[in-house]
Amino acid sequence: MLLTGNALCYGDNVDTDVIIPARYLNTSDPKELAAHCMEDIDPAFLAKVKPGDIIAAGRNFGCGSSREHAPLAIKTAGISCVVAKSFARIFYRNAINIGLPIIECAGDFHDGDALEVDLSAGTLRNGTTGESYVFPPFPAFLQKIIEAGGLMNAMAGGDIA
Amino acid sequence: MPMTMTQKILAAHCGRDALAAGEMILADIDLVLGNDITSPVAINEFTKAGCECVFDCNRIALVMDHFTPNKDIKAAEQTKKVREFAGDKGITNFFDVGEMGVEHALLPEKGMVTAGDLVIGADSHTCTYGALGAFSSGVGSTDMAAAMAYGKVWLRVPAAINVRLTGKLRRHVSGKDVILHLIRLIGVDGALYQSLEFSGEGVAALSMDDRLCICNMAIEAGAKNGIFPVDDQTLAFLREHGAKEPRVYAADPDAAYERTIEIDLSALVSVVAFPHLPENGRTFEEIGEVRIDQVVVGSCTNGRISDLREAAEILRGRKVKKGVRALIIPATQTIWLQAVREGLMEVFIAAGCAVSTPTCGPCLGGHMGILAKGERCVSTTNRNFVGRMGDPQSEVYLASPAVAAASAVMGRIASPDMLDA
Ligand code: SF4
């Protein structure tokens with residue numbers, strides 16, 4: 001699967017409280033959640049995000065609360081993929097479980113860089129700088145969840161593990 | 001193959017004799033937990049996937065604690081959805097206003113977790129039950145949905161950090177200071193994808209409330225779980241709360257650890273984590289004058305009876321400083337009643353504190369004590385992220401109940417030693 005979009009960059013330890021503040025968690029409607037995505041770290045996020053854009057961040061992205069509302073808000077806001085130096089573990093599993101592609105990559109990016117991610121080949125190309133990166137494929141186990149289109153499908157199919 | 005305590009519990013839950021760090025497993029769960037924020041999303045997933053029955057109506061706990069008593073209409077709709085789901089599926093462990101408590105204080109109190117259990121919860125602080133010798137870890141709502149339907153969870157077997165404790169804590173220094181100290185040492189991602197396994201002779205000197213507080217914040221170092229060895233205190237606690245028969249696992253003496261961290265409990269002093277990360281711990285030698293507007297004593301970290309006792313000891317016969325709002329939130333109904341019986345409530349009210357029914361409330365900036373722009377709060381909760389307790393420009397300082405109470409009296413961040421005798 002090929003994903004292309006412009007980079008929206010953030011630093012280390014972006015927590016789920018700034019991705020979707022708790023004051024908006026009195027709903028589970030993805031659209032309502034997306035309307036407040038990244039509000040406490042980047043109030044301009046919604047104005048600038050375009051469908052397919054890619055969040056590029058530093059270490060420990062998605063740390064803090066287990067709220068699946070965070071990857072859900074990001075996905076519903078139109079983000080095609082999150083690239084980070086590392087992910088907090090609950091965010092990582094939530095993203096896999098709901099089918100939001102996430103990639104661990106050590107590269108440094110700038111706002112607006114034209115990124116191209118090839119999920120099956122495991123490559124990321126920065127069209128703006130010309131740099132390329134490779135990332136390891138997901139373990140076979142997680143690959144099954146991704147291919148099934150999320151955890152619930154994979155479990156229903158009974159072909160997990 | 002030598003295994004850590006965590007690895008042994010995981011192996012037992014997927015029918016394996018041995019497991020190595022990094023393996024992916026599908027494990028059987030003993031209990032799955034959700035709250036009024038995460039359960040509605042899980043119920044959406046459960047329903048969307050066409051699931052009808054839950055795997056076991058006695059092994060699902062739904063605790064309405066975050067925005068309850070319902071803070072607004074939308075929150076009321078969310079709890080209603082969970083209440084109806086619980087009724088429809090015959091879920092026995094549904095805890096509503098009047099019998100609820102903050103989930104991670106409630107479950108151990110109700111004897112719902114025992115040593116050797118595998119517990120997952122759609123709440124990051126599910127790692128709390130490691131204090132009881134269980135494997136417990138926070139997951140998301142889809143994991144919760146799958147667990148409710150199939151009784152299983154996928155996990156990557158973690159490597160571990162061995163945290164060796166020696167010595168005994170000094171007066172007014174508590175489990176909160178231990179964990180804030182550890183997070184300061186290793187950072188908020190210092191234990192990412194790993195277990196924090198506590199060991200050493202210092203364990204025996206820590207109360208169960210201290211251990212629950214320490215494991216509660218394992219996630220604040222990025223850990224998958226925190227876990228304590230099972231000793232006489234653990235077994236007594238489990239018996240007293242009517243928990244199931246414990247299954248005791250111990251790490252092999254030659255288990256492999258990523259690293260070992262030594263902590264001498266007797267050398268620890270009070271630690272306050274400055275905004276906006278739990279790793280920004282400072283001792284009073286490094287803290288200048290920081291004026292505050294609010295104090296919160298409560299939450300799944302420090303809303304237990306020993307925390308209230310500690311705060312009351314300091315507030316007895318003293319007054320909360322004019323201009324400071326001090327909120328005391330016992331974590332469960334049982335703790336509330338105990339505090340009444342011990343006369344602690346009288347101490348709090350006389351000192352000028354507001355006391356609330358159990359709720360997460362201000363801990364996550366939900367309700368009951370939201371901060372305005374520029375305001376500062378000393379809180380016994382576990383997160384001080386940007387906007388966690390209100391306006392993105394407000395500030396949360398994480399501390400022990402003793403420091404929170406002393407700060408309420410002084411109107412600034414203060415240690416108990418700074419109060420006049
Ligand atoms: S008290 Fe705070 S940290 Fe604990 S479960 Fe409630 S919101 Fe989460």
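User: Is Tyr193(B) buried or exposed?

Analyst: Tyr193(B) has a relative accessible area of 19%, so it is buried. Keep in mind that this is a predicted model, in which local features need pLDDT of at least 70 and side-chain atom pairs count only at pLDDT 80 or more, while totals for chains, interfaces and linings use all residues. Residues are numbered from 1 along each chain as its sequence is written, chains are lettered from A and ligands numbered from 1 in the order in which they are written, and side-chain values use heavy atoms, with hydrogens and water left out.

User: What phi does Tyr193(B) have?

Analyst: As background, most residues other than glycine have a negative phi, and most peptide bonds are trans. Tyr193(B) has a positive phi of about 65° and is not a glycine. Tyr193(B) belongs to the loop between helix H6 (175–186) and strand E9 (194–199) of chain B; helices (H or I, at least four residues) and strands (E, at least two) are DSSP runs, numbered from the N terminus. Ser299(B), also not a glycine, has a positive phi near 85°. Ser299(B) is in helix H9 of chain B and is buried at 5% relative accessibility.

User: Which residues does a cis peptide bond join?

Analyst: One such bond joins Thr68(B) and Pro69(B), with omega about -15°; Pro69(B) is in the loop between strand E3 (60–63) and helix H3 (73–89) of chain B. Another joins Pro275(B) and His276(B), with omega about -5°, and His276(B) is in the loop between strand E12 (271–273) and strand E13 (281–283) of chain B.

User: How many residues of helix H1 of chain B are buried?

Analyst: The idea is to count buried residues along the element. In helix H1 (residues 5–12) of chain B, seven of the eight residues are buried, so the helix is largely enclosed by the rest of the structure. Among them are Met5(B), Lys8(B) and Leu10(B). Helix H10 (residues 305–315) of chain B is mostly covered, with eight of its 11 residues buried; these include Asp307(B) and Glu310(B). Just after H10(B), Gly317(B) has a positive phi of about 75°.

User: Which residue forms a salt bridge with Asp28(B)?

Analyst: Lys152(B) does, with the closest N and O atoms 2.6 Å apart. Asp231(B) pairs with Arg211(B), their closest N and O atoms being 2.8 Å apart, and Arg211(B) is buried at 0% relative accessibility. There is also a network of salt bridges linking Asp30(B), Asp117(B), Lys244(B) and Arg247(B).

User: Where does the ligand sit?

Analyst: It sits in the largest cavity. On a 1 Å grid over the protein atoms alone, a cavity is a set of points where a 1.4 Å probe fits but cannot get out, and a molecule sits in it if more than half of its atoms lie within 2 Å of its grid points. For the shell, a residue is near the ligand if one of its heavy atoms lies within 4 Å of it. Of the 13 residues around the ligand, His125(B), Cys300(B), Cys360(B), Cys363(B) and Asn382(B) come nearest. Helix H4 (103–109) and helix H9 (299–302) of chain B are the elements that give two or more residues to this shell.

User: Why does the ligand lie between domain 1 and domain 2 of chain B?

Analyst: Domain bounds come from an automatic or database domain assignment. Domain 1 (5–264) and domain 2 (272–419) of chain B both give residues to the shell around the ligand, so the ligand lies between them.

Methods
1 Å grid on protein atoms, 1.4 Å probe; cavity = no way out; pocket = protein on both sides within 12 Å on 5 of 7 lines; lining within 4 Å. Salt bridge = Lys/Arg side-chain N within 4 Å of Asp/Glu carboxyl O. Buried < 20%, exposed > 50% of the residue type's maximum accessible area, 1.4 Å probe, protein only.
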